Amino acid sequence: VASGKPTMVAKVQEYGTTIKVTEKMRSWFRGSGINLKSSTVFIRIPGRKFWSKSLMTAKKISKIQLKKI
């Protein structure tokens with residue numbers, strides 16, 4: 001099983017996550033011109049089902065191709 005930053009990024013993209021806002025993050029957003037409300041404690045990153053959709057599509061195509069053989 002692979003581990004490390006690329007794997008973590010892929011999991012976040014696939015399933016999403018909720019992260020706690022730290023003062024360092026708040027400062028970064030402020031420096032980028034985005035002011036978070038003081039009541040903002042978490043940021044939710046929604047999942048985008050890229051890998052599972054791709055896998056299902058590949059399986060369907062494979063089945064069709066195998067039936068032709």
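1. Buried means under 20% relative accessible area, exposed over 50%, and partly exposed in between, with a 1.4 Å probe and protein chains only. R26 has a relative accessible area of 13%, so R26 is buried.

2. On the model itself: it is predicted, local features need pLDDT of at least 70, side-chain atom pairs count only at pLDDT 80 or more, and totals for chains, interfaces and linings use all residues. Residues are numbered from 1 along each chain as its sequence is written, and side-chain values use heavy atoms, with hydrogens and water left out.

3. Confidence. The protein averages a pLDDT (the predictor's confidence in each residue, from 0 to 100) of 86. A score of at least 70 is reached by 94% of the residues. Helix α2 has the highest confidence, at 96. Helix α3 has the lowest, at a mean of 80. Helices here are DSSP runs of H or I, at least four residues, numbered from the N terminus.

4. Salt bridge. The structure holds one. The term requires a side-chain nitrogen of Lys or Arg within 4 Å of a carboxyl oxygen of Asp or Glu. R26 and E23 supply the two side chains, at 3.7 Å, N to O. Both residues lie in helix α2 (residues 23–31). They are three residues apart, about one turn of the helix. Side chains of opposite charge can pair when their charged atoms come close.

5. E23 is at 56% relative accessibility, so E23 counts as exposed. R26, at 13%, counts as buried.

6. What else does R26 contact, leaving aside its neighbours within four places in sequence? The partners are V21, L36, K37, S38 and T40. Contact means heavy atoms within 4.5 Å.

7. Aromatics. There is one aromatic pair in the structure. W28 and F29 form this pair, with 5.2 Å centre to centre and 80° between the planes, which is edge-to-face. The cut-offs: rings of Phe, Tyr and Trp (its six-membered ring) pair if their centres lie within 6.5 Å; planes under 30 degrees apart count as stacked, over 60 as edge-to-face and the rest as tilted. W28 has a relative accessible area of 57%, so W28 is exposed. F29 has 18%, so F29 is buried.

8. K59. This residue sits in helix α3 (residues 50–68). Its relative accessibility is 45%, so K59 counts as partly exposed. K59 and I43 are 16 residues apart in sequence. In space, C-alpha to C-alpha, K59 and I43 are 34 Å apart.

Methods. Helix = DSSP H or I, 4+ residues; strand = E, 2+ residues; numbered from the N terminus.
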